[in-house]
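These are my notebook entries on one structure. I record what I looked up, entry by entry.

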Amino acid sequence: QVQLVESGGGLVQAGGSLRLSCAASGGTFRLYTGGWFRQAPGKVREFVASINWVSTVTSYAASVKGRFTISRDNTKNTAYLQMNSLKLEDTTAYYCGANTRGLEPGERQVAGAYDYWGQGTQVTVSS
């Protein structure tokens, strides 16, 4: 079973940058899809970015496209989310998800399609 641990969240001024990390560990597994989502209290988990672990094809929510970049280090079983030009509305908890089976393209933006989740890391953007 896969365990995911996020890190890298914190407080940053608007216009600044943060890089989130998501390290995968556990028993024997093969990753196929990695994703980043965000969720505020009382809200649904919102898609941010996804990456095909093998091909590295990526997908982004319109609200973050051009500002955020998802990547992965296959050697380290770690996914990253580089967040630039941060805005106040980016403030929330960020979660990484992973799947050890293939996902259809339409499933990559759906939180329920991911089998494993990290505990979340808080990102707060100040003015």
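I began with Ser85, which I found in the loop between β8 and β9; strands here are DSSP runs of E of at least two residues, helices are runs of H or I of at least four residues, and both are numbered from the N terminus. Ser85 has a positive phi of about 50 degrees although it is not a glycine. With a relative accessible area of 41%, Ser85 is partly exposed, where buried means under 20% relative accessible area, exposed over 50%, and partly exposed in between (1.4 Å probe, protein chains only).

I note the basis of these entries: the model is predicted, local features need pLDDT of at least 70, side-chain atom pairs count only at pLDDT 80 or more, and totals for chains, interfaces and linings use all residues. Residues are numbered from 1 along each chain as its sequence is written, and side-chain values use heavy atoms, with hydrogens and water left out.

Entry on Asn77. I looked up Asn77 in the loop between β7 and β8. Asn77 is not a glycine, yet its phi is positive, at about 50 degrees. Its relative accessibility is 24%, so Asn77 counts as partly exposed. Leaving aside neighbours within four places in sequence, I find Asn77 in contact (heavy atoms within 4.5 Å) with Cys22, Ala23, Ala24, Phe29, Leu31 and Trp53. I also checked Asn77 against Leu11: the two are 66 residues apart in sequence and 26 Å apart in space, C-alpha to C-alpha.

Val2 has Gly26 of β3 as its bridge partner. Ser21 also lies in β3 and is buried, with a relative accessible area of 16%. Not counting residues up to four places away in sequence, Ser21 touches Val5, Glu6, Ser7, Trp36, Thr78, Ala79 and Tyr80.

Entry on the core. A nonpolar core is a set of buried Ala, Val, Leu, Ile, Met, Phe, Trp, Tyr and Cys residues joined through side-chain atoms within 4.5 Å. Which members of the largest nonpolar core touch the most other members? Of its 32 residues, I list Leu4, Trp36, Val48, Phe68, Leu81, Met83 and Tyr94. At least two residues of this core come from each of β1 (2-7), β3 (18-26), β4 (33-39), β5 (46-52), β7 (68-73), β8 (78-83), β9 (92-99) and β11 (121-126). I then followed Leu81: beyond its neighbours within four places in sequence, Leu81 is in contact with Leu18, Arg19, Leu20, Trp36, Val48, Ala49, Phe68, Thr69, Ile70 and Tyr94. In soluble globular proteins, nonpolar side chains tend to be buried together.

Entry on aromatic rings. Rings of Phe, Tyr and Trp (its six-membered ring) pair if their centres lie within 6.5 Å; planes under 30 degrees apart count as stacked, over 60 as edge-to-face and the rest as tilted. By this rule I count four aromatic pairs. Phe37 and Tyr114 are edge-to-face, at 5.2 Å centre to centre and 75 degrees between the planes. Phe37 lies in strand β4 and Tyr114 in the loop between β9 and β10 (116-117), so this pair ties together parts that are 77 residues apart in sequence. Both Phe37 and Tyr114 are buried. Tyr114 and Trp117 form a tilted pair, with 5.7 Å centre to centre and 55 degrees between the planes. Tyr114 has 4% relative accessibility, while Trp117 is partly exposed at 26%. Ring pairs link Phe37, Phe47, Tyr114 and Trp117 into a cluster.

Entry on Arg45. A charge sits over a ring if NZ of Lys or CZ of Arg is within 6 Å of the ring centre and within 35 degrees of the ring normal. I find the charged end of Arg45 over the ring of Tyr95, 3.8 Å from its centre. Arg45 also lies over the face of Trp117, at 4.6 Å from the ring centre.

Entry on Thr92. I located Thr92 in strand β9, and at 9% relative accessibility Thr92 counts as buried. A polar atom of the Thr92 side chain lies 2.9 Å from the backbone oxygen of Gln39.

Methods: A polar contact is a pair of N or O atoms within 3.5 Å; within protein, one must be able to donate a hydrogen and the other to accept it, and residues adjacent in sequence count only if both atoms are side-chain atoms. Two strands pair if DSSP finds at least two bridges between them.
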